[in-house]
Amino acid sequence: MSYDSSIDTALAKLHEEGRYRTFIDIARDRGNFPHATWTRSDGSTRPVTVWCGNDYLGMGQHPVVLEAMHDALDAVGAGSGGTRNISGTTVYHKRLEAELADLHGKEAALLFTSAYIANDATLSTLPRILPGLIIYSDALNHASMIEGVRRNGGAKRVFRHNDVAHLRELLEADDPAAPKLIAFESIYSMDGDFGVISEICDLAEEFGALTYIDEVHAVGMYGPRGGGVTERDGLASRIDVINGTLAKAYGVMGGYIAASAKLCDAVRSYAPGFIFTTSLTPSTAAGAAASVRHLKEDQSLRDIHQSRARTLKMRLKGLGMPLIDHGSHIVPVHIGNPVHCKMMSDMLLEDFGIYVQPINFPTVPRGTERLRFTPSPVHGPREIDALVSAMDALWSQCALNRADLSA
């Protein structure tokens, strides 16, 4: 067996298909987001503007967050010292969980090292807690939800994206007495469309199913206190489990679920992904709590964020770009070919100092490759002008007409 040969073949396949992922080394400039320094492979550096970051509101540089992290670091040091079960639960973790439970109007919250782990661990553990559980999963759910559902050992059903009629068919076909859970998202990050939350809640109530929603791309940014789309639409009380992240709008790191005290306790007690993982550093938990607390009050950042997204969409549409626009803050420009997508990304970086990663398969289906821009309050008129000018120049410069790119 030639292990190296097999590895070479696997990597060569990615290169041939135009979807080999290249990481670039950047150092964000605190106080000057979204600007950063790019270090090339030869050691040289140049300034770049980051247009694909998930620090949606720029909270990664907010003084309130940094002060809380510094204070915790000075008070207790760097690491947490262990898993949550073995010395890794601190006052900082408990305060953060209390802030998150309050944010979503739930009895409790449970903190994980990432929203990916929160989804995977919770969805893979629930069938152990609820024997015979059937999980109904939206076809476009995030990979973390898919993985959790796939390996939970229980029954699963996949319904067509946002198709409540198909979901009803699946629910009707199963034993009325079987425990059920419907897993879906509030905002689907690649197209930026919204989940049909109210309609799914109606079905869940009709069929006696639990509801599980991923609010990762909405917490902090939607709702009067940043509780997400479910808060904005007055639906949080109809959701049994809310999953969220602290690594996007809140600008730090970590993930969580918010639910009843009993459900959080059961997941805490049974989920290997929680039990056997070293907890977040106290400084991280402190910074995240400060960010959540601040964004419960700071509506101005949410307003500016939405304004920036609307402006960028309008400007790109004015150039005739094939924009995918479902009304959220996410701005995907459809390219439709992995090689062309990577080429556009490379040219934006090399020629214009604009960093945006190409989004290719398996993150999105083949033929739907795109550049996904994430405007924020710290992307001002100057940065938007530079991006629009660069896109306009490249659209003409590349030997690809708009019809080809839209195909």
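Tutor: A residue is called buried when its relative accessible area is under 20%, exposed when the figure is over 50%, and partly exposed in between. This is a predicted model, and in the protein buried residues make up 54% of the 407 residues.

Student: Why is Arg-40 called partly exposed?
Tutor: Its relative accessibility is 26%, and because the term covers what lies between under 20% and over 50%, Arg-40 counts as partly exposed. Arg-40 sits in the loop between strand S2 (35-39) and strand S3 (45-50), and, leaving aside its neighbours within four places in sequence, Arg-40 is in contact with Thr-45, Arg-46 and Glu-350.

Student: Why does Ser-144 count as buried?
Tutor: The relative accessibility of Ser-144 is 1%, and buried means under 20%, so Ser-144 counts as buried. Ser-144 belongs to helix H5 (residues 143-150), and its contacts, not counting residues up to four places away in sequence, are Tyr-116, Asn-119 and Asp-120.

Student: What makes the pairing of the side chains of Ser-144 and His-142 a polar contact?
Tutor: The two side chains are joined at 2.8 Å, and the cut-off for a pair of N or O atoms is within 3.5 Å.

Student: Why is Glu-383 counted as buried, and which side chain does its own side chain meet in a polar contact?
Tutor: With 9% relative accessibility, Glu-383 counts as buried, because the limit is under 20%. Glu-383 is found in helix H14 (residues 381-397), where its side chain makes a polar contact of 2.7 Å with the side chain of His-35 and also reaches the backbone nitrogen of Gly-380 at 2.9 Å. Not counting residues up to four places away in sequence, the residues that Glu-383 touches include Pro-34, Thr-49 and Trp-51.

Student: How do you know that S13 and S16 are paired strands?
Tutor: Pairing needs at least two bridges, and four bridges join S13 to strand S16 (residues 370-373), the two running antiparallel. One of the residues involved is Pro-332, whose bridge partner in S16 is Arg-372. Both faces of strand S13 (residues 331-334) are covered, with Val-331 and Val-333 buried on one side and Pro-332 and His-334 buried on the other.

Student: What makes S4 and S6 edge strands in their sheet?
Tutor: The open sheet has seven strands in the order S4-S12-S11-S10-S7-S5-S6, with mixed pairing. Strand S4 (108-112) and strand S6 (155-159) each have a single partner strand, so one side of each is left without a neighbour in the sheet. Neighbouring strands of this sheet are turned by 20° against each other on average, direction ignored.

Student: How do you know that S4 is paired with S12?
Tutor: Five bridges join S4 to strand S12 (residues 255-259), against a requirement of at least two, and the strands run antiparallel. In S12, Tyr-256 is the bridge partner of Leu-111. Helix H3 (residues 91-104) packs on the sheet, touching S4, strand S11 (241-245) and S12, and the direction of H3 makes about 125° with that of S4.

Student: Why can the radius of gyration be said to agree with a compact globule?
Tutor: For 407 residues a compact globule would have a radius of gyration near 22 Å, and because the protein has 22 Å, the value agrees.

How values were computed: Residues numbered from 1 in each chain as written. Predicted model: local features only at pLDDT ≥ 70, side-chain atom pairs only at ≥ 80, totals over all residues. Heavy atoms only, no water. Buried < 20%, exposed > 50% of the residue type's maximum accessible area, 1.4 Å probe, protein only. Contact = heavy atoms within 4.5 Å. Polar contact = N/O pair within 3.5 Å; in protein donor to acceptor, adjacent residues only side chain to side chain. Rg over C-alpha atoms; globule rule 2.2 N^0.38 Å. Axes fitted to C-alpha atoms, helices over the stretch in contact; angles between N-to-C directions.
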